[in-house]
Amino acid sequence: MSPGLHLFISLDLPAMLTGTLAMVACGLLGNFLVLRRMSLLGDAVSHAVLPGLVAGFLITGSRATLPMFLGAAAAGVITVVLIEAIRRLGRMEPGAAMAVVFSTLFALGVLLIQQAHAEGVDLDPDCVLNGQLEAVFWSPPPDWGGVLRAALTGGLPRELLTLAGTALVAGAFVAMFFKELRVVSFDPALATSLGIRAGAMHFALMVLVAAAVVASFEAVGSILVIAALVCPPATARLLTDRLGTQIWLSLGLSIAAGMIGYLLAITAPSWLGGASSLSAAGMITVVSGGLLGLAIIAAPQHGILAKRLRHARTAVTVAREDLLSTLYRLEESAGHHGLAAEKALLALGGGRTARKAVAQARSRAEVAHRGDLLVLTDRGRDRAQALVRAHRLWESFLVGELGLAADHVHPRAEMLKHITDPSMAARLKVGPASGKLDPHGRPIPE
Amino acid sequence: MQDRITSITDTSAQWPSAGEVWRTLTLQAGYNTGIVVLAAALLGIAAGTIGAFALLRKRSMMADALAHCTLPGIALAFLMATWLGGQGRGLPVLLLGASVTGVLGVVVVQAIVRHTRLREDAAIGSVLSVFFGAGVVLLSVIQNLRTGGQGGLNHFIYGQTAAMQESDAWLMAAAAMAAAAVVALFFKEFRVVCFDDRFAASIGVRVWWMDLLMMSLVVVATVIGLQAVGLILIVAMLVIPAAAARFWTERLGPLVVLAGVIGGLSGYLGASASALLPRMPAGAVIVLTAGVLFLASLLLAPSRGVLAAGARHIRVRVRIASDHFLRAMYEHLETAGAAAGNGPAGAISLRAVAADRRWSRPGASLLTWWMERRGLIRRHDGTASLTPRGLDEAARVTRNHRLWEEFLVRYAHLAASHVDRSADLVEHALSRKIVDELEESLLAKGRMPGPGRPPRSVHPIGGPRS
C-alpha cells in the first residue's frame, strides 16, 4: 500500500464516511419531517440539545459518549415536548414556540459551557456548530490485511461506528414502518381510523430524529445536521411524486453530498493556494444546498425551468391555433386569401411567441408563404376548421344552454376552443342548442 | 483548579456585594460596564419592539433564517475589504455585508416558497443551513489566508458584549429611535397588515411594502444585535419579548410597548448579571433572562396565563360536579319523599350519591367538603343533608336539567332515554334568561307543575349513570 493511500485511509476516508453517514441518518428521517412541514423542528432540536450534551458531561464529569448522548437525547425529547406544550398552552404559532424554546435552551447550553470551562474542561462552542470532522481518524497498519483486521476488530473511530449504527437504526425504522409513516405523514386522521397510532409514530420519529441529531452533532456540528435533515429530502421531493422513490433518491443525494462535499473541502485549498483544508462540514452543507438549488431550477417536472418551458410551449400552441383560426375566418369572409406576414405577427401580439408560433405552423405544414402572404395549406385548413367549429359550438352552447348574452360569449369561446378535443366537440354538437349557425349567424363548419 | 467536577452546581462562583450590584444597575460600575449595560438595554428595546410585528406576522423562524444568513456576508465583506487592501475588521463594512446576505437569504426563501412545491419550513431550514455552511467555509478560507486581524470574526456567532464601545451604544440608541419612529409612523398600516393582510390590501395598504419595511427593521435589529448576542441568539431578542408580552394584552399598542419593555429589561438585567458574575457570557444570560420573563408571563398572566386558565378550568369543573351532586341528592330525596308522601327532605348516604355518579371516594369527600364550606350541605358521618340554600340550589339545578331534557324531547325530537347525558353537558351553560324562556314555553303547553318548581323527569330516575 502506498503511503498516500494509507494516509487517505487513515485520515480522509473515516472523516468522509462519518460525514456521509451523518447525512444518510438524518436525511432518511428528514423525509418525513419535510412532508409533515416540520423541518424546522430538526433545526430547533439541533440547537436545543446543547444543554443536554453539556449537562450529561458535567454530571458524570467524563467525556464518555454515552452520558453525553443520553443527556442530549433527553434534551431533544424535552425540546419537542416543550415546544408542543408552549404552542398549546400559550396558543402560539409553532414557529414562535420553536424560536422561544430552542434559543433559550441554546443560551443555557452556552452558559453551561462557560461554567464548564472554568472547571478546566474544554468544550469549544464553535465545535458545536462546525463539528470536528477533521478530528475523526484512525491509524491502521499500512497493509490491506492490517486495515481489514483493524476494521473488523472494532478499531474504527468511535464517531464512525456511532453514526453507522444510527444510520442503520434510521434505515431499519424507515423500512419497517414505511407504510405507517406514509399514512401518518399524508393523512394523520386516516392513519388513526386505520388503527395506526399517529401519536406514537410521531413520538418515535421525534426520538429517532433527536438521536440522529445527537449522534451526528459531535462529528459534523449542528449546521450540517439541519442541512442533512432538510436538503436531500427537499431535493428528492422536487424530483419525484412517489414517497418510496423520494426516500431512495434522498439516500443517494445524501451520499453524493457527503462525498463530493468532503472531497471538495480537502482539494479546494490547493486551487486557492492555501495549505490547510476548508471546513468539511460547511462544504458538505454547501454541496447539499447546491444540489437543492440545481433541483429547484432544473428538476424535470417541478423545476422552475420546466415550468417556464411548459408555459412557453402552451403560449406558442395557443398563438399558432389563433393564427390558423384567423386565417380561416379571413378566407371565410371571402376575397382575403392569406395575410401579410408582418400583419400576422402583429395580430398574434408580436414578440418571440408570435414568431415561434408562425414558425411552428410552417414546420407543421399548416401554413405556407405565397409571395408576402401567409396562406393556409389544406392540412392547416382542416385544423383551422376544427378550431373554428369548436369556437362556434361553444358560443352556441354558452348562449343556448347557459343563457349568456350573444355579445359576451366570444372571448370565452376563444379560450375554450384551445382545450376542446374532437370527443368534446361531438358532445357539444348533440345538445339541443346545436344548429347550423352560431349565435352570430355564421355557419358552424362540419 | 479541580481535575474532576463532582456536580453541576459545583462552580464556586464569587458572589458580588450589594454595593457592586447597585453600582452596576445604576450604570456606575465603571465606564465600560455602564456602556455595555446601556447598549444591551437599548438593543433589547429595539429588538422587542420590532419583534412584536415579526411575531404577529408569523415571521419568527424567518428572522432566525435571516440571522444565520448574515454569516457569509460578514466573511465576504472581510475578504473583499482585505483584497481591496483595507483593514478587514472595519465594523460598518462587516455589518453591511451581513445585511446584504441576510436579506438575500430571506429573498431566496420567499422565491423558493413561491416558485416550487417546497413549503416555508423546508425553504427556511435549507436556506438557513446552507448559507451558514457557506459562511463556515468562508471563515475557514479566511483562516487559511494568514493576513492577520481575522480573529474576531467568530465573535459574531456567539456575540461578544465585552467588545462593545461607546459608538456601539450610540448605534443601538439610533436603531431603537429609528424603530420607534417607523413603528409610530406606520402603526396603523402595520396593525392592519398583521391582523388581516387581505383586508389591508382591499383598503389600499401596500402589504408588500409594509412587509418589506417590517423585514428591514428586523434586519436592522439583527445586524446591530450581532455583536451583543451573536447571530444564533438574536432571534431570541426578537421573538421572546413579544411572545411574553402577548400573554398580558390583546391590544397591539400595549403589546408593542410591553415587548420593548421586556426586551429592554432582559438586556439590562442580563448584561448586569453578566458583568457581576464570573463566566457568564452576556448574550446567553440576556436570552435566559428573557426566557425567565417569558416563563413568568406564561404562568402568571391574568387571563391568558396557564395558572389563571388552570384555575378557571378547576372552578368550572368543581361547579359542574357540585351541580351534579346537588341534583343527585335532590333526585334521591324526591324518590324517597314520594314514597313517604312528602317533599324532598332528610339525610341521604354519601356513598349512594357517589356510586350513582361513579365518583372516587376521595374526590367525593373533597367535593362535599367544599360544598359544606359553601353552605350548600351539612355532613354527618357518611350522610349529608341539604341546607335550605342547598335545597333551593338543588331545585334550580334539577329544574335546569329537566327543562333542557324537555326541550330536547319536544323540539329536538330525541328519545327520552337519550337526553340525560346531553342535558348533563349543556345545563351548566344555561343562562337564567334561557331557562325562563324554556319554562314559559313549556308552561304554555301545560307541561309544567308550576313556576319555579322542577318539572317531572322525562325518564325514570336512579341507578348508576354511564
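The model is a predicted one.

How do the two helices sit against each other? Helix α7 covers residues 158-176 of chain A, and helix α8 covers residues 178-186. Their axes come within 4 Å and cross at roughly 75°. An angle from 65 to 115 degrees counts as roughly perpendicular. Therefore α7(A) is roughly perpendicular to α8(A).

Another crossing in chain A involves helix α2 (residues 39-60) and helix α10 (residues 198-239). Here the axes come within 8 Å and cross at roughly 90°. That angle makes α2(A) roughly perpendicular to α10(A). On the α2(A) side, the residues in contact include A:Leu41, A:Val45, A:His47, A:Val49 and A:Leu53. On the α10(A) side, A:Met206, A:Phe217, A:Ile226 and A:Leu229 are among them. By class, the contact has 13 nonpolar, five polar and one charged residues.

Next come the charged pairs. Side chains of opposite charge can pair when their charged atoms come close. Over all chains, the count comes to 25 salt bridges. One of the salt bridges joins the side chains of A:Glu332 and A:Arg392, at 2.7 Å from N to O. A:Glu332 lies in helix α13 (residues 304-332) of chain A, and A:Arg392 lies in helix α16 (residues 378-400) of chain A, so this pair ties together parts that are 60 residues apart in sequence.

Now turn to the interface of chain A and chain B. In this model, 69 residues of chain A are in contact with 61 residues of chain B. The area buried between the two chains is about 5,500 Å². Carbon and sulfur atoms give 71% of that area.

How many salt bridges are there between chain A and chain B? The count is one. The side chains of A:Asp241 and B:Arg117 meet in a salt bridge, at 2.9 Å from N to O.

Which helix gives the largest share of the side of chain A that touches chain B? Helix α4 (residues 94-118) of chain A does, with 17 residues. By class, that side of chain A has 40 nonpolar, 20 polar and nine charged residues.

Terms used
Residues numbered from 1 in each chain as written. Chains lettered and ligands numbered in written order. Predicted model: local features only at pLDDT ≥ 70, side-chain atom pairs only at ≥ 80, totals over all residues. Heavy atoms only, no water. Axes fitted to C-alpha atoms, helices over the stretch in contact; angles between N-to-C directions. Parallel < 35°, antiparallel > 145°, perpendicular 65-115°, else oblique. Contact = heavy atoms within 4.5 Å. Buried area = accessible area lost by both parts, 1.4 Å probe. Salt bridge = Lys/Arg side-chain N within 4 Å of Asp/Glu carboxyl O. Nonpolar A, V, L, I, M, F, W, Y, C, P; charged D, E, K, R; others polar.
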